[in-house]
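Hi,

Here is the structure I said I would pass on.

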Amino acid sequence: MRLPVIIFSHGNRGVKEQSVTIMEELARAGYVVFAIDHSGNTFFEDPIENESLNVVMNHLRPMDVTALLNWLTDPTGEQQWLAEVIDLDRIGVIGHSRGGFTALALVGAYFDTSEAYETTCTGDTWDVCKTFQTNAAPWDLSDPRIRTAVAMAPASYTITESGLANVARPVLVMAGKQDQTT
């Protein structure tokens with residue numbers, strides 16, 4: 001029997017282990033759980049040094065998850081046993097804060113540019129700025145392999161009400177009434 005997959009996306013400047021108790025419970029319930037660090041956006045990286053990277057991170061984080069799914073489709077080396085264990089027709093994503101933003105983007109929420117993004121990418125040579133030009137917004141970074149999402153206290157960043165209208169998969173949003181941060 002193949003097992004369903006859950007991918008966890010941590011919050012801004014968080015780490016993959018930040019919600020370990022939730023991930024352990026999901027594993028006990030029969031899911032294969034992958035928690036990834038979003039390179040350039042973890043607790044261990046200097047936010048001043050990566051200030052420009054932080055502005056384009058909304059594009060990169062969903063692409064991290066898609067890269068993981070691409071690898072899971074054809075694992076290599078010691079991980080080849082995964083291909084016989086996981087069910088790639090049953091994939092969900094869970095994210096907290098900026099990870100919640102990532103989860104929403106992965107199931108179809110379009111997002112627009114921010115003033116900071118436009119400033120950072122003006123005349124910049126970053127590959128992500130070339131790929132996601134400000135005049136081409138809004139962007140769709142969804143991955144059709146992901147069937148459902150849980151967004152815990154999702155950071156809104158540049159997801160708009162009209163951007164959420166593009167979500168056609170089951171989503172659970174968990175938010176606090178008093179939350180003034182996200």
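**Salt bridges and their surroundings**

Let's start with D143, which counts as buried because its relative accessible area is 3%, under the 20% cut-off. Before going further, please keep in mind that this is a predicted model. D143 forms a salt bridge with R145, and the closest N and O atoms of the pair are 2.7 Å apart.

D87 is buried, at a relative accessible area of 16%, while R90 is partly exposed, at 40%.

The other links R28 to E25, where the closest N and O atoms are 2.6 Å apart. Both residues sit in helix 1 (residues 20–28), and they are three residues apart, which is about one turn of the helix. Is R28 buried or exposed? With 61% relative accessibility, R28 counts as exposed. E25 has 48% relative accessibility and counts as partly exposed.

**Strands side by side**

Now for the strands. Strand 3 (residues 86–96) and strand 4 (residues 148–152) run parallel, and five bridges join them. Strand 4 also runs parallel to strand 5 (residues 171–174), this time with four bridges.

In strand 4, M152 is the bridge partner of H96. On the strand 5 side, M152 has M174 as its bridge partner.

**Helix 3**

Which residues of helix 3 are buried? They are R98, G99, G100, F101, T102, A103, L104, A105 and L106. That makes nine of the nine residues of this helix (residues 98–106), so helix 3 is largely enclosed by the rest of the structure. Just after helix 3 comes G108, which takes a positive phi of about 120°.

That's what I have for now. Enjoy looking around!

Best wishes

Notes: Residues numbered from 1 in each chain as written. Predicted model: local features only at pLDDT ≥ 70, side-chain atom pairs only at ≥ 80, totals over all residues. Heavy atoms only, no water. Pairing = 2+ DSSP bridges. Helix = DSSP H or I, 4+ residues; strand = E, 2+ residues; numbered from the N terminus. Buried < 20%, exposed > 50% of the residue type's maximum accessible area, 1.4 Å probe, protein only. Salt bridge = Lys/Arg side-chain N within 4 Å of Asp/Glu carboxyl O.
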